[in-house]
Amino acid sequence: MDKLIIKGGKRLAGDVMVSGSKNASLPIFIATILAPGAHEIRNVPFLRDINTTIKVLESLGATIEGNGNVVKIDTSGLNRHEATYDLVKTMRASVLVLGPLLARFGKARVSLPGGCAIGARPINLHLKGLEALGAEITLEHGYVEARARKLKGARINFDVSTVGGTEQLMMAAATAKGETILENAAREPEIADLAEMLTSMGARIDGAGTDTIRINGVGELQPVVHSVMPDRIEAGTFMTAAAITGGDIRIHGMRPDHLDAFIFKLQDAGAEITHKDNIVRVKGPRKIRSVNIKTRPYPGFPTDMQAQMMALMTVADGTSMISENIFENRFMHVSELLRFGADIFIEGNSAMVKGVRKLSGAPVMATDLRASASLILAGLAADNTTEISRIYHLDRGYEAIEKKLSGLGADIQRVKEG
Ligand code: EPU
């Protein structure tokens with residue numbers, strides 16, 4: 001197993017390029033199931049979750065070839081309709097194959113994902129929505145068994161805004177008979193990216209990116225060439241790295257409009273942010289100001305930036321309140337941040353963070369993807385050396401992060417543990 005060793009205290013400076021989005025790539029890969037043939041997906045990040053998605057598609061009978069950040073997926077030979085526990089427990093997003101398999105084969109067998117480090121994360125709304133489209137669903141031996149001769153359009157109103165649920169139903173409805181209306185749909189940019197791909201495949205989708213999405217089912221879809229949107233959470237993590245080190249960096253290839261709520265907060269914290277086209281420059285403040293954060297579905301402050309923002313607040317001037325409203329257990333990084341000498345108190349779904357003058361480097365353990373990112377940020381700001389173990393979490397979602405940070409002047413190395 002690898003670990004990261006960071007010698008903190010360096011101001012980051014220079015240029016860094018954002019990779020393609022993990023959370024957009026996963027459903028985009030899975031959507032290729034809907035149209036038999038040769039698809040080409042571009043701007044794909046090199047990540048462990050992408051490898052898992054490739055394994056899922058291969059296990060269904062797809063053939064896949066990768067060359068740099070371009071991945072060719074041929075789904076003509078798809079002949080299986082099952083996603084096993086082994087794959088789904090490694091990556092929950094594998095459950096997204098349910099809708100596309102049902103649409104293509106009229107049946108699907110997909111393992112229920114089980115627990116997760118950040119919350120219960122049920123998929124009840126995915127299943128309820130598929131039932132509304134006419135699927136017959138049973139749960140047996142830990143698997144969801146779904147059948148439908150032909151899915152039929154329906155009006156679906158989500159109880160809570162769900163990114164995966166919205167993606168699942170948009171894919172299932174693309175070739176269903178008649179019109180589907182998704183109300184209280186999630187509005188995340190990754191959903192708009194998936195809709196753009198489905199539309200290039202021939203789907204008729206209106207309103208993706210708003211809370212009402214209308215899908216008019218078409219007879220069949222065509223294979224496609226699609227380029228994945230930039231990773232807004234990776235971009236936000238680099239912006240926070242500039243802020244916490246008092247650095248001055250330029251981030252290339254990002255979409256600042258995808259991160260408005262976060263950018264406003266980072267500016268309130270004192271960072272100077274300017275942009276020209278898709279290059280964003282972030283200058284960290286001399287003194288970080290405390291800000292309060294409430295995570296919300298898009299366009300609110302993203303839960304996927306909560307841990308990183310908390311790392312920044314540990315060294316802010318004053319006290320900040322951070323409320324997590326999306327996942328019920330997403331404060332796993334707090335006990336690790338305490339090891340750096342941070343002053344954080346949790347009460348229910350809120351954390352009160354009192355800024356300290358300086359963090360001190362420590363051995364810590366990554367617990368989930370974004371928690372790992374927050375530990376890196378703390379390590380960059382801390383004095384002395386920080387060792388982060390269990391960084392396989394990090395490799396799920398950040399492409400070459402230690403190389404990118406080294407390029408900005410950080411003293412960070414990946415070493416083999418033990
Ligand atoms: N929910 C239900 N029932 C459902 C589905 C969701 O109650 O059927 C609840 C969840 O338990 C959660 C809330 O709804 O409390 C929102 O969950 P959502 O479905 O939106 O999350 P997701 O699709 O499972 C995606 C991202 C997450 C990101 C969330 C929220 C992917 C692959 N994952 O998860 O990304 O935090 O949306 O924005 O797109 C990450 O990248 O680190 C990550 C966890």
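1. A backbone N or O atom of Pro-122 lies 3.3 Å from an oxygen atom of the ligand in this predicted model. Asn-23 places a polar side-chain atom 3.0 Å from a ligand oxygen, and an N or O atom in the side chain of Arg-330 is 3.2 Å from an oxygen atom of the ligand. A polar contact here is a pair of N or O atoms within 3.5 Å. The protein covers 85% of the 830 Å² of accessible area that the ligand has on its own (Shrake-Rupley method, 1.4 Å probe).

2. Local features need pLDDT of at least 70, and side-chain atom pairs pLDDT 80 or more, while totals for chains, interfaces and linings use all residues. Residues are numbered from 1 along each chain, and side-chain values use heavy atoms, without hydrogens and water.

3. Of the 23 residues around the ligand, Asn-124, Leu-125, Thr-162, Asp-304 and Ile-326 come nearest (a residue is near if one of its heavy atoms lies within 4 Å). By class, the shell has eleven nonpolar, seven polar and five charged residues, with Gly counted as polar. Helices α1 (22-31), α5 (124-132), α6 (163-173) and α12 (369-381) each supply at least two shell residues; helices are DSSP runs (H or I) of at least four residues, strands (E) of at least two.

4. An open sheet of mixed pairing has the strand order β18-β19-β21-β20, where pairing requires at least two DSSP bridges. Its edge strands are β18 (293-294) and β20 (343-347). Strands β19 (residues 319-323) and β21 (residues 350-354) run antiparallel, joined by five bridges; Thr-319 has Lys-354 as its bridge partner in β21.

Terms used. Polar contact = N/O pair within 3.5 Å; in protein donor to acceptor, adjacent residues only side chain to side chain.
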